[in-house]
Amino acid sequence: YHFMDGGFWDNSGVLPALQWIEDAGAEAGKVLLIEVRSSPRRERNLPESLPWTLEAFGALRTLIQVRYDGHAARTEDALRQFMRTHPVERVVFELSDARVPFTWNLGQKHVRFIEEAWNRGDNQAQRAKVRAFLAAQ
């Protein structure tokens, strides 16, 4: 087994994983790509009215958000194209919880919130996919 975390590059680790799979070629064998997301992908809708705060700070907000939204869209496109020619199975875990801050220093209550998210039904189904994949190896 080979495990990697490349989130420092594209904020998700998917693109470095795809490069690793490409470099490994046929030697990689069957590949299970596991994504663990701390926040869900979301569609952006324009507000119905443009308050002065949006007009005043909109450019700065766009500059900050483009890093995250741009990476997510680019990553999703690259993965879709890659999976057309490479036998990769994908499992996505959504561990998002609005009560958990985006920080490296989490308290015990935050760890509990993440555990609750890990045990949600949608993630249980993903865990079953991982078990099935590993059992087939």
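The largest nonpolar core has twelve residues: Val14, Leu15, Ala17, Leu18, Ile21, Ala28, Val31, Leu33, Ala78, Leu79, Phe82 and Val88. A nonpolar core here is a set of buried Ala, Val, Leu, Ile, Met, Phe, Trp, Tyr and Cys residues joined through side-chain atoms within 4.5 Å; buried means under 20% relative accessible area with a 1.4 Å probe, protein chains only. Two or more residues of this core come from each of helix H2 (14–24), strand E1 (31–37) and helix H3 (52–85), and H2 gives the largest share, five residues. Helices (H or I, at least four residues) and strands (E, at least two) are DSSP runs, numbered from the N terminus. Apart from this core lies another, of five residues, including Leu32, Phe93, Val130 and Phe133.

This is a predicted model, in which local features need pLDDT of at least 70 and side-chain atom pairs count only at pLDDT 80 or more, while totals for chains, interfaces and linings use all residues. Residues are numbered from 1 along each chain as its sequence is written, and side-chain values use heavy atoms, with hydrogens and water left out.

Within H2, the buried residues are Val14, Leu15, Pro16, Ala17, Leu18 and Ile21. Gly25 follows H2 and has a positive phi, near 60 degrees.

The protein chain has five helices and two strands, in the order α-α-β-α-β-α-α from the N terminus. Of its 137 residues, 27% count as buried. Among contacts (heavy atoms within 4.5 Å) between residues at least 6 apart in sequence, 65% join residues at least 24 apart.

Note on methods. Buried < 20%, exposed > 50% of the residue type's maximum accessible area, 1.4 Å probe, protein only.
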